[in-house]
Amino acid sequence: MASHGSIRILLIEDNPDDVRLLREYLAETRTCRVEVTHERRLSAGLNRLTEQNFDAVLLDLALPDSQGLDTVIRVRAAAKRVPLVVLTEIEDEVLAVRLTQAGVQDYLVKGRMSGPLLTRSLRYAVELARMEEAVGEVERRFQQLADNAPVMAWMTEPDASCSFLSKSWYEFTGQAPETGLGFGWLDAVHPDDRTAARDILVAADAEREPFRLDYRLRRKDGEYRWAIDAAAPRVDGEGRFLGYIGSVMDITDRKKSDQLEADQKRVLQLIVKDAPLSTVFDALIRMIEEQSAARMVASILLMDADGIHLRSGAAPSLPEAYNRAIDGMAIGPHVGSCGTAAYRRRPVYVSDIANDPLWANFAPLALTHNLRACWSTPILSSSDRLLGTFAMYYPDVREPNGQDLRLVDVATRLAAIAIERKRAEEVLRLAKFSVERAADAVYWVDSQAKILDVNEAASRMLSYSKDELCAMTIHDLNPAFQAGMWPGFWAETQRRGTMMFETVHQAKDGRLIPIEMSVNFFIHEGTEYHCAFVRDITERKRAEGQFREMLDRIRKLSQRLEAVREEERTRIAHELHDELGVRLTCFRLDLARLRSFMSWSPVPREEIEKKIHSMTAEVDATIASVQRLVAELRPGILDDLGLAAAVEWQCQDLERRSGIRCSCEGTEEHIPLAKPLATAAFRICQEALTNVVRHAEATTVRVRIKQVDGLLQLEVDDDGIGISPDKLSDSRSFGLLGMRERAASLGGQIEIAGRSEKGTTVTLQLPLNMGGRR
């Protein structure tokens, strides 16, 4: 197309005089610039048309290589959209009509032509071609838009007959233009809606107002789909009514979606109103069946309490004989669709029951009732527990589509809600009954510490009526628990979830009752609460006091027995030392004197000396045994030099007897200890070292003694095989129990840490002051 203000002309003329004249006429043009390309023969002109773009062709009908109407036809074939102005010597109306029919925009008679006439003819031809091209472009765009729009477009004439239907209409309905235009489109409308649709269209045509109508439209596969038809009148530039333009949209899915949403709300209302499960399931299944266009029937099976069998929940559209046959079916890896889905805990889609191995044992039953496809999905709780199955049966072989899967999702979700709520309500009723009959008191408390509800046990424990308690706060029951403490307590229960502690509550008669309270924080329907379980522990406290008194008496008795035992050991040691030891020593001296006296004896000296030597060795061994017994009963070094020296002696003795390297480390040579404390520490150290020799398989032992913050700390550490946690807690480990009890009786404690293949560490802590025992 030429740029604005210029026209490019292809002149095909063989007469030089006419060419010169035409150029002069065109040169006189002042309204626009004209560019002329001249060719003498038609063939050359046709070549130019294929090589260049022109705004118009000025054509002589009489050319050396072409004559008359044939010339026009050949040019028009080469340049269909380029406007054509013909030059002729003859003024003939018949010829003019034939030229116009052949696509010529204008023709000029050479003898009567002038410059303005030529210029005006060319400009009109060019502008007319441009307008036709613009209109054609608009029509092409409209056609493309109508054919590719998500709706079906149409137009009517003033008499309401349809003059245009978009490609999408024909693709949807299967009609063709010859059957759809006029009033033929009504044949695709459902017979029950056809008359109303025509009447509304005709009435709107008379009123010439916009309108909308719904009707069922037959799809080419024979299924009727709901459609909405919206139209507005169209008029020309002068306001004359030209008919209607409108669009048709398939709204079946939207209608079904709206209906599905409404039905879901209805099912949820049944659940909230605590309707029986059978009623809820019946409504749910009918809702899903109505959404399907494939004659589908559905069923719900519930998982039995044994976790093995499926029980009939609801299947209002399935044959009763079939329902009876599958009721109580055991789940398994090859038990139809439902039994297998329950066993696998995932969906099972069987599109052809007759030929699927999962239905090998059940196909005859299903086919008898015209059930040829079955898709089953497990119904799972919010905690992933199997509740049952939802199944969809079809009378033909088919695969699930997206809409089917959406319906399955809706059905299983609503079924799970209904089952869980019903079971939760049953549990709640049982829990409420149990709470009311519970021996412990139960309080429900709000965020302001107000008591909302209590059970009968609370009234019995505190002697208040239920109404009196529900008019009180927690602070009224526990005077020491002031209101200012409540926010922090509430926040802590929010953080921890559950708290357990002991406190007191005041009864109606003023008694302070010791209680054990377990407080649980929870949120119900958006509101926060405390649920407190309260137990009267008066008897337990009394028993604990009695037990502590008895334990204290036992420990005092144990201490007394230990003291008596040590006194007896000390006495025996003194007697062994003072009597037996002295006598044996004297005996040894007598033997020595005897040896000197018998130097003059007639008995051979060698025999006498041999005998005396034997007696002396025996006496020495007896003295050593006595000394060892004395040390084991109570080493004198413990009383004379203190605990540190006694422990060091014990380490040296262990190393000498066992070969295990044993060292003693102490921060002080003398630690001031009462005699019972020193004795207990020594005995515990002695027991620990004995255990090392017997059980540890150690090569090295290290003992440390020090004072830490008023405490004696004694640590025995070996590099042996360690000790297992089971052995540490074994009630038959009497040595360990004795060590612990001995320490506890004096207010101390023992920690024993064993590391496999890395040895054992025994740590004793005793108060230096016996008055500080715990």
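Tutor: A polar contact here is a pair of N or O atoms within 3.5 Å; within protein, one must be able to donate a hydrogen and the other to accept it. Keep in mind that this is a predicted model. With that cut-off in hand, look at Ser658: a polar atom of its side chain lies 3.2 Å from the backbone nitrogen of Ile660. The side chain of Ser658 also reaches back to the backbone oxygen of Leu654, at 2.6 Å. Ser658 belongs to helix 22, which covers residues 643-658, and its relative accessibility of 31% makes Ser658 partly exposed. In space, Ser658 has its C-alpha 7.2 Å from that of Val693, although 35 residues separate the two in sequence.

Now for the rings. The model has 13 aromatic pairs. One of them is Tyr322 with Tyr393: the ring centres are 5.6 Å apart and the planes meet at 85°, so this pair is edge-to-face. Tyr322 sits in helix 11 (residues 320-326) and Tyr393 in strand 18 (residues 386-394), so the pair links parts of the chain 71 residues apart. Both tyrosines, Tyr322 and Tyr393, are buried. Phe489 and Phe501 are edge-to-face too, with centres 5.8 Å apart and planes at 90°. Here helix 18 (residues 486-496) supplies Phe489 and strand 21 (residues 498-506) supplies Phe501, 12 residues apart in sequence. Phe489 is buried at 15% relative accessibility, whereas Phe501, at 25%, is partly exposed. Both belong to a cluster linked by ring pairs, along with Phe481, Trp486, Trp490 and Phe521.

How values were computed. Residues numbered from 1 in each chain as written. Predicted model: local features only at pLDDT ≥ 70, side-chain atom pairs only at ≥ 80, totals over all residues. Heavy atoms only, no water. Helix = DSSP H or I, 4+ residues; strand = E, 2+ residues; numbered from the N terminus. Buried < 20%, exposed > 50% of the residue type's maximum accessible area, 1.4 Å probe, protein only. Phe/Tyr/Trp six-rings, centres within 6.5 Å; stacked < 30°, edge-to-face > 60°.
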